[in-house]
Amino acid sequence: MENFPVINLEKLNGEERGATMEIIKDACENWGFFELINHGISHELMDTVERMTKEHYQKCMEQRFKELVATKGLEGVQTEVNDLDWESTFFLRHLPQSNISEIPDLQDEYRKVMKEFALKLEKLAEELLDLLCENLGLEKGYLKKAFHGSKGPNFGTKVSNYPPCPKPDLIKGLRAHTDAGGIILLFQDDKVSGLQLLKDDQWIDVPPMRHSIVINLGDQIEVITNGKYKSVMHRVIAQTNGNRMSIASFYNPGGDAVIYPAPTLVEKESDENNNLYPKFVFEDYMKLYAGLKFQAKEPRFEAMKAIESNVNVGPIAAA
């Protein structure tokens with residue numbers, strides 16, 4: 001099996017820039033995922049985030065998860081469970097407005113650290129979007145503007161723990177899905193694996209790597225690139241041993257952003273490819289996705305096409 005793409009961002013600053021951009025391009029076209037090292041976020045900050053996230057889980061969430069498992073009788077299931085995931089989660093919103101101060105049970109130092117981490121990830125997401133623009137032949141800033149809407153992008157973090165599971169063959173940590181949004185930045189446990197992506201009809205492990213950030217592309221990137229880059233199905237396999245930490249940050253379009261294929265990426269000479277993807281308001285897509293997350297993305301695109309005639313699409317306004 002070919003190797004999972006790992007990209008050293010420091011190499012963008014030297015003579016290996018061209019080769020590094022080519023690896024990013026191949027990863028976006030053929031994997032929908034890649035792993036970043038030397039991404040500019042300090043190892044010290046990442047270690048603090050990991051330590052405080054694991055402490056918070058043990059102190060505030062572990063017992064609640066055990067009670068939930070007992071209430072639902074999940075320890076003794078005999079058949080596959082398809083309507084829930086073996087995960088313990090909470091959500092932080094950063095943009096357009098932060099809700100970190102409103103989340104209960106978080107220590108002040110943890111709130112401060114997560115805010116700092118989110119700012120670093122936001123900057124990294126915007127840098128990555130411009131690298132994608134460069135590879136796609138789009139003007140710098142195109143994707144950021146496409147995501148902007150009237151209030152700027154939506155940016156939030158899902159903090160998850162995947163505790164040891166007695167029946168990993170019957171309960172998934174997280175069922176297979178593509179991500180609805182834009183670009184996703186994942187800081188995952190480097191000791192306990194579980195994340196897999198679907199490539200060429202095979203499930204492939206996303207390797208845990210210390211201090212790396214895993215990137216994957218969401219449905220909106222697929223639409224804007226007119227299918228040149230694709231969102232990819234992925235899942236989390238529950239493990240019998242070890243508690244896996246996952247901190248996934250989602251840099252998504254604003255709710256009222258209008259999403260559609262970039263005109264320069266629509267093949268003018270090929271009529272049949274002209275209407276592969278719909279135009280829609282992002283929050284309308286999210287309403288649909290909420291009920292269909294664990295199904296194929298293609299029917300979602302078709303459903304959005306059906307209401308496309310109601311959307312008035314103008315040129316992207318400068319942010």
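A crossing of two helices is left-handed if the near helix is turned anticlockwise from the far one by less than a right angle, and right-handed if clockwise. The views below come from a predicted model.

**View 1. Helix α2 passes helix α3 in a left-handed crossing.** Helix α2 covers residues 43-72, and helix α3 covers residues 108-136. Their axes lie 10 Å apart, at an angle of about 135 degrees. The two helices are therefore oblique to each other. On the α2 side, the contact uses Leu-45, Met-46, Thr-48, Val-49, Met-52, Thr-53 and His-56. On the α3 side, Glu-109, Tyr-110, Val-113, Met-114, Glu-116, Phe-117 and Lys-120 meet them. By class, this contact holds eight nonpolar, three polar and three charged residues.

**View 2. Helices α7 and α8 cross with right-handed geometry.** Helix α7 spans residues 282-292, and helix α8 spans residues 298-306. The packing angle is about 140 degrees, with 10 Å between the axes. That makes α7 oblique to α8. From α7, the contact takes in Asp-284, Tyr-285, Leu-288, Tyr-289 and Leu-292. From α8 come Arg-300, Phe-301, Ala-303 and Met-304. Seven residues of this contact are nonpolar, none are polar and two are charged.

**View 3. Tyr-162 sits in strand β4.** The strand runs over residues 154-162. Tyr-162 has a relative accessible area of 5%; buried means under 20%, so this residue counts as buried. Its side chain makes a polar contact of 2.9 Å with the side chain of Glu-87. Beyond its neighbours within four places in sequence, Tyr-162 touches Trp-86, Glu-87, Gly-173, Leu-174, Val-236, Gly-242, Asn-243, Arg-244 and Ser-246. Thr-20 is 142 residues away along the chain, and 33 Å separates its C-alpha atom from that of Tyr-162.

**View 4. His-177 belongs to strand β5.** This strand comprises residues 174-177. His-177 is buried, at a relative accessible area of 2%. A polar atom of the His-177 side chain lies 2.8 Å from the backbone oxygen of Arg-175. The side chains of His-177 and Asp-179 are joined by a polar contact of 3.3 Å. Neighbours within four places in sequence aside, His-177 is in contact with Val-232, Met-233, His-234, Tyr-289, Lys-293 and Phe-294. Among them, Tyr-289 also takes part in the contact of α7 with α8.

Methods
Residues numbered from 1 in each chain as written. Predicted model: local features only at pLDDT ≥ 70, side-chain atom pairs only at ≥ 80, totals over all residues. Heavy atoms only, no water. Axes fitted to C-alpha atoms, helices over the stretch in contact; angles between N-to-C directions. Helix = DSSP H or I, 4+ residues; strand = E, 2+ residues; numbered from the N terminus. Parallel < 35°, antiparallel > 145°, perpendicular 65-115°, else oblique. Contact = heavy atoms within 4.5 Å. Nonpolar A, V, L, I, M, F, W, Y, C, P; charged D, E, K, R; others polar. Buried < 20%, exposed > 50% of the residue type's maximum accessible area, 1.4 Å probe, protein only. Polar contact = N/O pair within 3.5 Å; in protein donor to acceptor, adjacent residues only side chain to side chain.
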